[in-house]
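Please look over the sequence and the structure shown here before reading the briefing that follows. The notes are grouped by topic.

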Protein chains: 2
Amino acid sequence: MAYLNEHYAKLQAGYLFPEIARRVKAFNDAHPEVATRLIRCGIGDVTEPLPAACIRALHKAVDEMGAHDTFRGYGPEQGYDFLRHAIAQHDFRDRGIAIEDDEIFVSDGSKCDGGHILDIFGVGNRIAVMNPVYPVYVDTNVMAGNTGEPVAGGYEGLVYLPCTAANNFVAALPDESVDIIYLCYPNNPTGAVATRAQLTSWVKYAREHHAIILFDAAYEAYILTPGIPHSIYEIEGARECAIEFRSFSKNGGFTGLRCAFTVVPKNLLAYTRAGESRPLHPLWLRHHTTKFNGVAYPVQRAAEAIYSPEGRQQVDALVGFYMENARLLREAVVAAGLQVYGGVDAPYIWVRGPEDISSWALFDFLLQDANIVTTPGSGFGSAGEGYFRISAFNSRERTQEASQRLAALDFTKARQFA
Amino acid sequence: MAYLNEHYAKLQAGYLFPEIARRVKAFNDAHPEVATRLIRCGIGDVTEPLPAACIRALHKAVDEMGAHDTFRGYGPEQGYDFLRHAIAQHDFRDRGIAIEDDEIFVSDGSKCDGGHILDIFGVGNRIAVMNPVYPVYVDTNVMAGNTGEPVAGGYEGLVYLPCTAANNFVAALPDESVDIIYLCYPNNPTGAVATRAQLTSWVKYAREHHAIILFDAAYEAYILTPGIPHSIYEIEGARECAIEFRSFSKNGGFTGLRCAFTVVPKNLLAYTRAGESRPLHPLWLRHHTTKFNGVAYPVQRAAEAIYSPEGRQQVDALVGFYMENARLLREAVVAAGLQVYGGVDAPYIWVRGPEDISSWALFDFLLQDANIVTTPGSGFGSAGEGYFRISAFNSRERTQEASQRLAALDFTKARQFA
């Protein structure tokens, strides 16, 4: 009799984005006349075409795949040397961070790696997540059996670290001892960034507790403020306690191409139940080579093109484009009299609604009165209640239109949707 | 203190292909003068360029990704409807097999899916694998904790099903009760196929034991003999007991592009520890949407092109090309006086060496005396001892040269490498 993984039954049915899709569809069905007015500022997906340097690299690589002398079959699972080298050199060594080429594992997505990384950890680790939090960190731990049953506001067994306006959305160190800590900066959903001092205190905590930080830096390219760390490895000692996830999704706009990478330093250790330390690099190497078969060759060439002088310029322009959207949206929300966070070093704007109005009420109000789709803050965790997220990934035209509508809103009217 | 997955420590160090690479490198370093004579018939990687229909589809999709109006970001994790529909229609419904579009999950590789599928199963399943076996089935079960320690010839706790010349390399039903069964036809490494009667007996066994068959049909396109099933779902009742893995790697030559799919029928059930049945489709859907983010859009368009009239013709030509290689290699080995299997409905030739000569002795003999790289049968399991595998994935020129060398060999001389 084949037994299934019963942990899946603990997963709460309403994954955030399907629920949003359901409400948008219901609204569209009820009001077909305003369908064309709808502006989607919900999910964090890029809208601009791929950089020209990447398009050119793709065409060239596709031609190689069509010719005898240049065809490539299986590549190295960890990624081609040309890409691992470009990443390690430009993203790390050029910035004074000691990362070797073979500490870079090229993959098809940060979401994928963030889920699979749990395979190399044992059961019984105490997991800390921020609140609000990107739902995938939580769900993959539920699937792996690292949590108990769902309870109000989360799952038993997880340590939730509240991120609120009071702490600038940077989690305080936990009072208790935890083993694995998810940190995401620039943050999705709050758009917050962590200072060097804050990250330093986390690295110190992790080293003292022999804990490991899973650092999601997928939005690193959006950091514009000087002095804010782009990588956890800018912090001394982080090589001994952190795995970093990076992505080409949000800088190069690769959400439809699929390429990312994970950094596993060779001197990062974890422990057996008997208390013996072992390096994690060989485990992830074994995982990656056994359960993965590399990223499409043309896509790796496109990722390499991001590091060319032309590619960098084009990525800077893309980031600048979305950040100008963010500025417009921030100003609009301020004009409407609301408190706004994020949107300075991140493409997400995190907005506090008027007192005592729930996130879903704000969502429904924005959908019905302004025909703007946002993401309710409570969907990311209990500490997001009363907030909503606006994504800056949109065309300029739609952003301007959304900004005009937002600025003119009286958000106290959202109370009726409670 | 972060705990690691201690099951990884059970994995035996010498994964087959790295060991082959090591011996080839040592030979090359010792004999640089014959490096250009080396013919690689080891790993099963295609050598011919992608079909023209796929190249055209790739270029077109890349252009779409470079333009505002046609750019695509995140696609559905399960694959675009256009591809799921093409697969379900052409590979299944056109052949009289009832598979719905949403039972198809498009992925980046069969190796990946075959590893990840274990995530939706509970611990404590009794796993049966063929012997010899594609190593990934075994290694992923070791990682998941479904085995005990390594012992001579395998791992404790796994049920090995010997596949030998005596049973035409099709496993007999086990005497004991097992919960999950890996079957692979056309088989890697033996090149054997299973008849309808043989697969029917497996489906009957699985249904009686509420077991699940994980059916790897990655080499389905190479079946030329009429009447040999291309899919497990050709067998009545298989929808209730089987998951099928398919790939575009070996028909379209996508090993460097990465696209495959897995079929999970909606009426396939597994069990809770309390003995309650539950459908597996929602679990795999949840896994796929949480830990995967879809295949690159251009690659999905290339896969779709395989089902066009032009694409089918080009794939047939590719298969025909490699199967002519297989015929040449088979004849050569017969001429050398050895017993040969496979290579008729599969791109692998499975060769029995002279009595009492080990697989690694045969490997070293072929490397040193004929400068041909093969794969030692014992690397796939104890029942492969005394055999070696020749891959038909090669250029015609190299295949002809390899065939001439093979036909002229006196394999009894391999005894000196014992």
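How many bridges join strand E9 of chain A to strand E10 of chain A, and do these strands run parallel or antiparallel? In this predicted model, strand E9 (residues 242–247) and strand E10 (residues 260–263) of chain A are joined by four bridges and run antiparallel. Ser247(A) stands opposite Ala260(A) in E10(A).

**The sheet of chain A**

- Seven strands of chain A form an open sheet in the order E2-E10-E9-E8-E7-E3-E6, and their pairing is mixed.
- Strand E2 (104–107) and strand E6 (159–162) of chain A stand at the edges with a single partner strand each, so that one side of each is left without a neighbour in the sheet.
- On average, and with direction ignored, neighbouring strands of this sheet are turned by 20° against each other.

**The two copies**

**The nonpolar core**

- The largest nonpolar core has 273 residues, of which Val129(A), Ile212(A), Ile213(A), Val129(B), Ile212(B) and Ile213(B) touch the most other members.
- When residues up to four places away in sequence are not counted, Ile212(A) touches Ile180(A), Ala206(A), Cys241(A), Ala242(A), Ile243(A) and Ala270(A), and also Ala2(B).

How values were computed:
Residues numbered from 1 in each chain as written. Chains lettered and ligands numbered in written order. Predicted model: local features only at pLDDT ≥ 70, side-chain atom pairs only at ≥ 80, totals over all residues. Core = buried A, V, L, I, M, F, W, Y, C linked by C-beta atoms within 7 Å. Buried ≥ 20, exposed ≤ 12 C-beta atoms within 10 Å, placed from the backbone. Contact = placed C-beta atoms within 7 Å. Pairing = 2+ DSSP bridges. Helix = DSSP H or I, 4+ residues; strand = E, 2+ residues; numbered from the N terminus. Axes fitted to C-alpha atoms, helices over the stretch in contact; angles between N-to-C directions.
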